Amino acid sequence: CMVQSNSIAESCNTALGIPGWIVGLVLVAVSAIIFIGGIQRIASVTEKLVPFMAGIFLVGGLVILCISQNVR
């Protein structure tokens with residue numbers, strides 16, 4: 001978990017200029033809200049988040065395929 005949160009903080013700092021400690025506090029707060037809610041809240045969050053993540057993955061893959069076809 002530390003590696004992932006560090007990667008998120010570095011990406012936000014590089015791309016948006018947000019200090020890492022602020023990103024860390026936001027991650028802790030969101031994680032605490034989800035975990036304190038128990039398994040029901042974890043299931044509720046993931047059932048909404050996973051389809052969104054899958055859609056982004058598919059669209060990103062299609063964009064990469066279209067760009068690679070135009071390069072050739």
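## A salt bridge, a pocket and the confidence behind them

E47 and K48 form a salt bridge, with their closest N and O atoms 3.9 Å apart. A salt bridge here is a side-chain nitrogen of Lys or Arg within 4 Å of a carboxyl oxygen of Asp or Glu. The count by this rule is 1 salt bridge. Side chains of opposite charge can pair when their charged atoms come close.

This is a predicted model: local features need pLDDT of at least 70, side-chain atom pairs count only at pLDDT 80 or more, and totals for chains, interfaces and linings use all residues. Residues are numbered from 1 along each chain as its sequence is written, and side-chain values use heavy atoms, with hydrogens and water left out.

**Confidence.** pLDDT is the predictor's confidence in each residue, from 0 to 100. The protein averages 90, and 97% of the residues score at least 70. Helix α1 (residues 2-16) has the lowest confidence, at a mean of 89, while α3 has the highest, at 91. Helices are DSSP runs (H or I, at least four residues), numbered from the N terminus.

**Exposure.** Buried means under 20% relative accessible area, exposed over 50%, and partly exposed in between (1.4 Å probe, protein chains only).

| Residue | Relative accessible area | Class |
|---|---|---|
| C12 | 21% | partly exposed |
| C66 | 48% | partly exposed |
| E47 | 56% | exposed |
| K48 | 56% | exposed |
| M53 | 48% | partly exposed |

M53 sits in helix α3.

**Cysteines.** A disulfide is a pair of cysteine sulfur atoms within 2.5 Å. The count by this rule is 0 disulfides.

**The second largest pocket.** A pocket is an open set of points on a 1 Å grid over the protein atoms alone, where a 1.4 Å probe fits, with protein on both sides within 12 Å along at least five of seven lines; lining residues have an atom within 4 Å of a point. The second largest pocket has a volume of about 200 Å³. Its lining includes L27, V30, F35 and L49. Helices α2 (20-36) and α3 (38-71) each supply at least two lining residues. The most come from α2, with 5 residues. The lining divides into 7 nonpolar, 2 polar and no charged residues.

Terms used: Grid points are joined across faces, edges and corners, and a volume is the space filled by probe spheres set on the points. Ala, Val, Leu, Ile, Met, Phe, Trp, Tyr, Cys and Pro count as nonpolar, Asp, Glu, Lys and Arg as charged, and the others, Gly among them, as polar.
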